[in-house]
Amino acid sequence: MRRMRQLHRWAGLGGAGFLLLTGLTGLLWANAPRLYWKDDYKKIKAPVVAPPLESARIDMRRALAMAQQQLGSEVAAAVLTLKSEAGRLVYEAQAGKRSVLIDALTGRSLSPLTEEDASRFADQYAPKGASRLIARHESSFTGRDGRKRGPVWVVTYRDKGGTEIVLDEMSGQIIEEFDSSRRFHFWVMRLHKLDFFHTDRMLTANPGLFLLGLVITGMRLWLQA
């Protein structure tokens, strides 16, 4: 009986700890927009004026021909888009998960991005007035969802929040944006889901085990009373 009471007590303490953690992190997560999260996540904050779309000098056929050099046979299924990006007018040829950028004025391929171009692209997403610190190339990047991405550029800024912008090397698409408040929020999310140690969130079963133990020991105590 005494041992059962001890087990019941420990199961209750363990379950209460997990429920308290879940409740606190859930409150932080739910109220993040009112407390610390800014709604400009991965949005352009410092737009750069680009030439109008009608000023494109390279036609679509030539752009596709240039994209074929990098996309190969996949170019037959490519989607071609003319758009403004970082003060430039560019064609983006996208085939599946692969993308190539072609300058619509000069016909020059922008993919993979040089350090200079990566910095220009990233500057759009950095806080206004933030000075760039460094741009570094990484062969791979693992996102918060655990998915690995191909080569990326990581551009770091010298600002209050320690902003970092992660860009796809080929398309210049923003993959992730970090600063102090976002790093805290991502940590709260992981803590809420107990997403640590590469367990693929299997730790979330622990609260259920404690509660199950609480029920079983409670029933045993009741039957033995």
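Lys-42 is partly exposed because its relative accessibility is 33%, where buried means under 20% relative accessible area, exposed over 50% and partly exposed in between (1.4 Å probe, protein chains only). The model is predicted, so local features need pLDDT of at least 70 and side-chain atom pairs pLDDT 80 or more, whereas totals for chains, interfaces and linings use all residues. Residues are numbered from 1 along each chain as its sequence is written, and side-chain values use heavy atoms, without hydrogens and water.

Lys-42 lies in the loop between α2 (32-35) and α3; helices (H or I, at least four residues) and strands (E, at least two) are DSSP runs, numbered from the N terminus. The phi of Lys-42, a residue other than glycine, is positive, near 55°. Ala-86, in the loop between β1 and β2, is not a glycine either and has a positive phi of about 55°. Ala-86 is buried, with a relative accessible area of 5%.

Three strands form an open sheet in the order β1-β2-β3, with antiparallel pairing; two strands pair if DSSP finds at least two bridges between them. The edge strands are β1 (79-85) and β3 (98-103), each with a single partner strand, so one side of each has no neighbour in the sheet. Strand β2 (residues 88-95) is joined to β3 by six bridges, and Gln-94 stands opposite Ser-99 in β3.

Ser-111 and Pro-112 are joined by a cis peptide bond, with omega about -5°. Pro-112 is located in the loop between β3 and α4 (115-123).
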